[in-house]
Amino acid sequence: MTTIPTSPAQQGIWVNERLAPLGSVHHMPFAAHFEGAVDEEALAAACADLAARHPALSLTVREDQGVPVLTPGPAPELSVRTTTPGRLPAELLRLSAEPFDLAAGPPARFTLLRTGETRSTLLVVAHHIAFDGTSTDVLLSDLAACWAHRTGAGPAPASLAPPAAPEPDIDPRALAAAGAHWAGRPLPAAEVRLPGLTGRPDGVGPGAAVAFDLDPSLRTELTDTAEKLGITLFELLLAALHTLLLRYGNERPAVAVDLGTRDPGATDRIGVHVNELPVVTAPEPALPFAEFAREVRAGLRGCYPHRRVPLARAVSGLRPGVALAPVSLTYRRRIAPVEFAGLRTTIDWVLFPGTARGALRVHLVDGPDRLGVLLMHRTEALAPERAERVGAHLRRLLAAIAAAPGTPLADLPLLDEAESAPVRGPEPAADAAGATLPALLARAFAAHPDRVAVVGGEDAFTYGRLAGAAGGLARRLADAGVTPGTVVAVCAERSPEMLAAVLAVTLVGGVYLPVDPAYPAERTAFVLADAGAPVVLAQRRTAGRVAGSGRTLLLDGLFDTAPAAPAALPAVTPDDLAYLIYTSGSTGRPKGVEVPHGALAHLLLAFRDQLETGPGDSWLAVTSLSFDISALELLLPLITGGRVVIADENQVRDGRALTALIERHSVTRLQATPSGWRLMLDAGLTAPALTALSGGEALPLPLARRLRERVGRLWNVYGPTETTIWSTAAEVPAAPGEVSIGRPIAGTTARVLGPDGGPVPHGVTGELALGGAGLARGYRGRPRLTAERFVTDPATGERHYRTGDLARLRPDGGLDCLGRLDDQVKLRGHRIEPGEIEARLQEHPAVAAAAVAVRGSADGPGGPFLAAYPVWRPGAPVPGTAELRAFLALTLPDVMVPGVFHALPRLPLTPNGKTDRRALPEPDREQPSAAAPSAPDPADEPWDEVTTEVAAIWREVLGVPSIGLHDDVFDLGAHSLTITQVAARIRRRLGAEVPLEVFYEEPTVAAVADAVTLELLAQES
């Protein structure tokens, strides 16, 4: 049988098809729609004539000793079907996705779909191993000519010259030149940032496509702009795509580009003459687009001399794949519209075959009448509405480039008015205007004097008793010189007295400063000195912690004295400060956040309405007073006529004690950190009447599912201290599939900003900024820091706080929080969010909690690496490292999969219940998997029979005199085709079928020999 060698491009396609199921990703469908009577016999004859003119349409692909070869096979024949106009799109998609049997052939199909008396569609589906974009033009032109001849409307097409010799393998000199070209040049990263991208950006899977045409006038303007810049339209479009990726947050945009390899003698031939190569840039945002486009032109043209050499052949160890980068681009100029004699014809030059590769494939077809754009995407990675938004951004960006190509990249308009505007929460409640906590308390005290307000231990006090105790203490504070704006420290253990102290400071107009009795003495001294608190409220057992810091008033016996007649207290305004609370500083110096009464009242009223809480509710208070969220659980019950149950210092650390309190006091509302909820769930919490709030740190999906099953309602809440406790909220549904931080609460705005401080596109990760009624005044005594973090939008005049948290806006208007900006790390040039890895790791059924950190150093053995710290779920089988790595690899790029897993009995926590990353121990393994140790002399190695034979096969295929047990075969010249040759010889000589991925996971004689041995043992058993 006559065989024809395959070209490097065909070899790459064949290897990829063998490595993994690719569905229809290599199918190239297009369609001609006819109006008029189609003579089926004439069309069938025309298709036969076409196949005779182009042998590529009748070839089969077979394996010969691990190498693909082409052999003549059956010609494609026309099939005819009938459908309805409404069913036509689905039929085109279904037929486009039908698999090819390349070994049996043919690699092309012709189907005529009749949809009416005078309407029909010819669908052509060709496999990429025999076809490329230019082949579409050749096929349609020749088929139209054959049709004209068969219908008597034209002469027989002229004969084609004999085909040229098959494309040879890569010349060694060309290979060396390509290797030199790519050496030291950056290659595409495995990750990419796109609006709303989820999961792995690589791979193949079911997809969808967004199709549109550029406005003809815009296309003309872009052509003129390219000519003025001295570049081609393709180069301009490529530069625009890189600019779009830059604006999505990619510091080093990468696009895999299809480059044609046709010789002049092959222009009228059907075949595959294309090679994909990457174009990687590092644009400065301030660079004018015109200059950047010329840089892209230079980089692209630098690839042209090496366009025939597959990158995997030029770069050692590069694993083959269906795309070299998560984003790829195909551009081709098409011929003028093709006419079939006697028929009115319209052409769909590219149809989507149902399977997509990578994260996004941009297909541009530039013709005399229009420039068509097809954005193909995997739906598991990029939702259709997100792809639609990418298309809108691209059109807006191209219009801006055409209008002003000298504009800096960062200043080119990208967003419409809706994307530029902040996301706004509902309007504040009617009674929120001018509200203050003293006024809200006075209203509640008057409305519910005999209702129980607070419970602590065995004590329970009514609103009347609480009002009397707080009012009496407020008068003592006034006598001590406290006026609106005076800072009063509260250092008390958890008790009704602690609550009364907070209320008293509030009623007299003072600013309460929580000082946790468990604070280290050094921190307590700093906070009191920095705040300048002249008065301290404490219990006898806590007074020693604040001794010498000002006048101390004791709280002991506060409820023992009969309440005196109320006395006039100073009026408090919304602008007066309600509390001063210290948070950890990035430099190690705590910073005091000043929160006004208006912000606090706004928060309480917003959550009153959000949670629909009222007099019938009982709240359990479990949070330290030094954690700002304590204000919600202590004060919201009181302003709504509810009851607050205060857990003592021992109970808050005991899950069983907390669940007992919930049951004993019929608690209906409770907020806690995820760590606190785990504590209660592990103690058997089941409370169907409970509304749970989780906040303070990320709520992992597995924990959300587990908690949601045990409570009546669950809210995930988010907010920094600087915007007054909580700023967004999302109710978690039953059996949730994901967890977001939801939408802004009433009176609150949210926006996601880029490094330049401007809004980023919806779905793109940026820094979350919050504004509205909950904003704090700023940081006490730190004007520079206040000005840095609390900024004003010059366009709207609105003030907002830059949180330092990474977020992105969801299609439903909610927000995803993706970790801290300052937690972001770079590892081997890749930006990595530990929070994203932690979230994925906690989805494993055996992992209850997890933290991730970078360990090692650049100058240490093995360099820096990622270490994961899982906490096992009680009773679950403990997974091994390989299982955990494989689990993470399903959704994360390889660079984000930790190299070390160090299990802990529990995660270290800060006093506020958050993960304390600084307290994570060094992992118990010195370093992650590093480079394989250098191989010993082969004579000293333990060569068994299988290993000896595997090594001999490698030597034969690679043409090397010797090979070590642990030598990396890619360093010795291996590439995808040599891998298949080795696999074929192992199959023939040893009878073992080794999956191709084995050769790439650990490319050594030892690893392949181990795989062969395991396969042989499996066959024996």
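How far is the sulfur of cysteine 47 from the closest cysteine sulfur? Here are a few friendly notes on that and on some other places in the model.

1. Ground rules. This is a predicted model, in which local features need pLDDT of at least 70 and side-chain atom pairs count only at pLDDT 80 or more, while totals for chains, interfaces and linings use all residues. Residues are numbered from 1 along each chain as its sequence is written, and side-chain values use heavy atoms, with hydrogens and water left out.

2. Cysteines. The closest cysteine sulfur to that of cysteine 47 belongs to cysteine 146 and lies 8.8 Å away, too far for a bond. A disulfide here is a pair of cysteine sulfur atoms within 2.5 Å, and a search of the whole structure finds zero of them. Cysteine 47 is buried, at 0% relative accessibility; buried means under 20% relative accessible area, exposed over 50%, and partly exposed in between, with a 1.4 Å probe and protein chains only. Cysteine 491 is buried too, with a relative accessible area of 0%.

3. Strand 8 and its partners. Helices (H or I, at least four residues) and strands (E, at least two) are DSSP runs numbered from the N terminus, and two strands pair if DSSP finds at least two bridges between them. Strand 8 (residues 204–213) runs antiparallel to strand 13 (residues 355–357), with three bridges joining them; glycine 205 has alanine 356 as its bridge partner there. Strand 8 also pairs with strand 15 (residues 371–378), again in the antiparallel sense, over seven bridges.

4. Helix 12 against helix 14. The axes of helix 12 (residues 437–447) and helix 14 (residues 496–507) come within 9 Å and cross at roughly 115 degrees. Axes are lines fitted to C-alpha atoms, for helices over the stretch in contact, and angles run from 0 to 180 degrees between N-to-C directions. Helix 12 brings Leu437, Pro438, Leu441 and Phe445 to the contact, and helix 14 brings Leu503, Thr506 and Leu507; contact means heavy atoms within 4.5 Å.

5. Valine 982. This residue is found in helix 25 (residues 976–990). What does valine 982 contact, leaving aside its neighbours within four places in sequence? The residues in contact with valine 982 are Ile953, Trp954, Val957 and Phe999. Valine 982 is buried, with a relative accessible area of 0%. From valine 982 to alanine 951 is 10.0 Å, C-alpha to C-alpha, and the two are 31 residues apart in sequence.
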